[in-house]
Protein chains: 2
Amino acid sequence: MRKGEKTRERLMDIAESSVLAKGFSATSIDEIIAEAEITKSGFFYHFKDKNELAQALLERYVERENVLLDDLFKKAADLHDDPLHIFLIGLKLFADLMADMPKGHPGCLVATYCYHERLYDAKVIELNRQAVLNWRNRFSKAFQDICDRYPPRDDVSVEALADMVSNTVEGAIVMSKALKEPKVMVDQILLLRSYIKLLFQPVPG
Amino acid sequence: MRKGEKTRERLMDIAESSVLAKGFSATSIDEIIAEAEITKSGFFYHFKDKNELAQALLERYVERENVLLDDLFKKAADLHDDPLHIFLIGLKLFADLMADMPKGHPGCLVATYCYHERLYDAKVIELNRQAVLNWRNRFSKAFQDICDRYPPRDDVSVEALADMVSNTVEGAIVMSKALKEPKVMVDQILLLRSYIKLLFQPVPG
DNA sequence: TGAATACTTGACTGAAAGTACGGTTTTTCA
DNA sequence: TGAAAAACCGTACTTTCAGTCAAGTATTCA
């Protein structure tokens, strides 16, 4: 990694945690450069303006999330070959991952961006939308595979089910932040898992 | 209502919609007073500073939400006297309410506040926490009543179930905002309803 | 070693945020 | 109806913030 990239990453790290804690507009450039020990001109060498920073932050965040999810469900797929069980294992692994974060999930940039719509330009808003559509796509495929093998016990659409996964996580971030109880995230993921089980798993016997 | 209260309400209306669209710190007092056609001094007559505005906004929001929920579940209770069915009807009524909002839910102040923790003073943060605890309490009672009559088909806690209601709504606000699809909210509430049904409803026959 | 790359220095602008306080009008209610 | 209380105005001031500009220096890598 070149030196410039390293600095850029550091600036983004500082910015990201500030954005998640205070919001984008309360995150001042002066504050970022003070913490990064760099000059203002140095900052603008890397990002032509604040919006470009916003975009870079979102792109990096979405990229990382995707890698994490790919990884997680690949691990799950190594442990089983039934689509339903793969998904249930994947959710369990995800819950474990969240349980290992003592301070809980740091927050989702997608959520902060959607609540600050009027702050960003059209491109960033669209990027944000695509990120969520991407999640929908990912989980839709998984649920389609499950539906193909197990008839659901209720009339539900795969898209809505797919959204339910993202929905649970986004909601749980808000809840656990507001309550200061990281545990909420784990509980909610396990409740989602409970639903998937009840919805698809054949009654024993 | 005195004239001052009317002005105060108007200021809060403008502020609230701006906070939900841009976040608190991007909501400038100059902008609020311009839209309200009042001077800056006029604004500070009503709120001693921005934090007091934040607190007033949250208090009013939580109050209104509680009235709405009281109303909704009272209506549901008028239509049935079984706790499970009351809850299922309540969720359906809530879904209908959301479906009637053409632009979707305007956004939840509790969610924006929890993502901007570092902006508010301790009192406001605690108020926010109490609001969520209040929801937990409300729904916990409902689920306890249901559990007393119907044994759940999975090992779940009433608190986690209660949180799932708020969780679903908070998550759905984020999802529908990011996707620009208000329909997501309705779908997610109905999925929650589906879960409650599968979890508690006895198998027919 | 030399040309990119990655910054620093420092001064500056224009806009907006928030504070302070005395003065003025408008309501309200007795 | 009139005086006190409530509601609001004018204005001046301090900070902060995003962003610009020109010119220079240090670092890195090919």
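A search of the whole structure, which is a predicted model, finds three cavities of 30 Å³ or more. A cavity is a set of points on a 1 Å grid over the protein atoms alone where a 1.4 Å probe fits but cannot get out. Local features need pLDDT of at least 70, and side-chain atom pairs count only at pLDDT 80 or more, whereas totals for chains, interfaces and linings use all residues. Residues are numbered from 1 along each chain, chains are lettered from A, and side-chain values use heavy atoms, without hydrogens and water.

**Largest cavity**
- The largest cavity holds about 70 Å³ of space, a volume being the space filled by probe spheres set on the points, which are joined across faces, edges and corners.
- Its lining residues (those with an atom within 4 Å of a point) include M164(A), Q188(A), M164(B) and Q188(B).

**Cysteines**
- The count comes to zero disulfides over all chains, a disulfide being a pair of cysteine sulfur atoms within 2.5 Å.
- C114(B) is in no disulfide, and the nearest cysteine sulfur, that of C108(B), is 8.4 Å away.
- C114(B) counts as buried at 5% relative accessibility, where buried means under 20% relative accessible area (1.4 Å probe, protein chains only).

**DNA strand C**
- Among the 19 residues around DNA strand C, those that come nearest are T39(A), S28(B), D30(B), K40(B) and K50(B); a residue is near a strand if one of its heavy atoms lies within 4 Å of it.
- Sugar and phosphate make up 64% of the atoms of DNA strand C within 4 Å of the protein.

How values were computed
On a 1 Å grid over the protein atoms alone, a cavity is a set of points where a 1.4 Å probe fits but cannot get out, and a pocket is an open set with protein on both sides within 12 Å along at least five of seven lines; lining residues have an atom within 4 Å of a point. Buried means under 20% relative accessible area, exposed over 50%, partly exposed in between (1.4 Å probe, protein chains only).
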